[in-house]
Amino acid sequence: SCVADPAIEVDSMIAGDRNALMVAIRITGYGSAYNIKSIDCPSCGKKSEQSFDLSQLSIKSLEIEPVAPGENLFEFKLPISGHLVRYKYLTGKDDRDLSQLSEKKKKLNLSHEDSVTSALAFSIVSVVTKTAEITDKTKISMFVQGMPARDSLALRSFMEKNEPGIDMKSDMSCPHCGEESEVRLPLEASFFWPDADR
């Protein structure tokens, strides 16, 4: 409802763009100070109250070329099998479909892949082998399940490293152990309603 241009479909935006938009709207509406009541120190594990400046979060630009200009489609050659994978970054609609599929599998008591494997299967659009191009979603899911661990890790690392968006990490200083650590900012109720607990 905050997007002024009705031609922009928020569900078709990738997660990084949606997160950047959400942070910008939060800063515009409530300011850049984000107070978190309780966050764990990565060094000592103790909880403390911390304040972060959302305006200092860095934006990660897209630095790899898509298959075609303006398309959410990218390529990566798997190091072990040598297959060429074409993948996309998940959109809001993809995230919702993935959640619904996971819930459906839970209700039916079906054995289901972990969320990382499911998300990877959703991201892959096609796999180009020496003999064919696989585009069928069921076959892609089977391919992901049988993928060598080093191929899976290399693909996921490449995707994460190159995904554009806003970096939701910031530095904190622990009052208990004095360590300076980088933490991922959790999205709590105070992100959306900063005055809710006052």
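Trainee: How many residues line the largest pocket, and which of them lie nearest its centre?

Mentor: A pocket here is an open set of points on a 1 Å grid over the protein atoms alone, where a 1.4 Å probe fits, with protein on both sides within 12 Å along at least five of seven lines, and lining residues have an atom within 4 Å of a point. In this structure the largest pocket is lined by 28 residues, with A15, N19, E160, E163 and R184 nearest its centre. This is a predicted model, in which local features need pLDDT of at least 70 and side-chain atom pairs count only at pLDDT 80 or more, while totals for chains, interfaces and linings use all residues. Residues are numbered from 1 along each chain as its sequence is written, and side-chain values use heavy atoms, with hydrogens and water left out.

Trainee: Which element gives the most to the lining of the largest pocket?

Mentor: Helices (H or I, at least four residues) and strands (E, at least two) are DSSP runs, numbered from the N terminus. Here α5 gives the most to the lining, with five residues.

Trainee: How should I read strand pairing, and which residue stands opposite Y87 in β6?

Mentor: Two strands pair if DSSP finds at least two bridges between them. Strand β5 (residues 84-87) is joined to β4 (residues 74-77) by four bridges, running antiparallel, and F74 stands opposite Y87. β5 also pairs with β6 (residues 124-128) in the antiparallel sense over four bridges, where Y87 stands opposite I124. Between β4 and β5 lie six residues of a hairpin, and G82 in the turn has a positive phi of about 80°.
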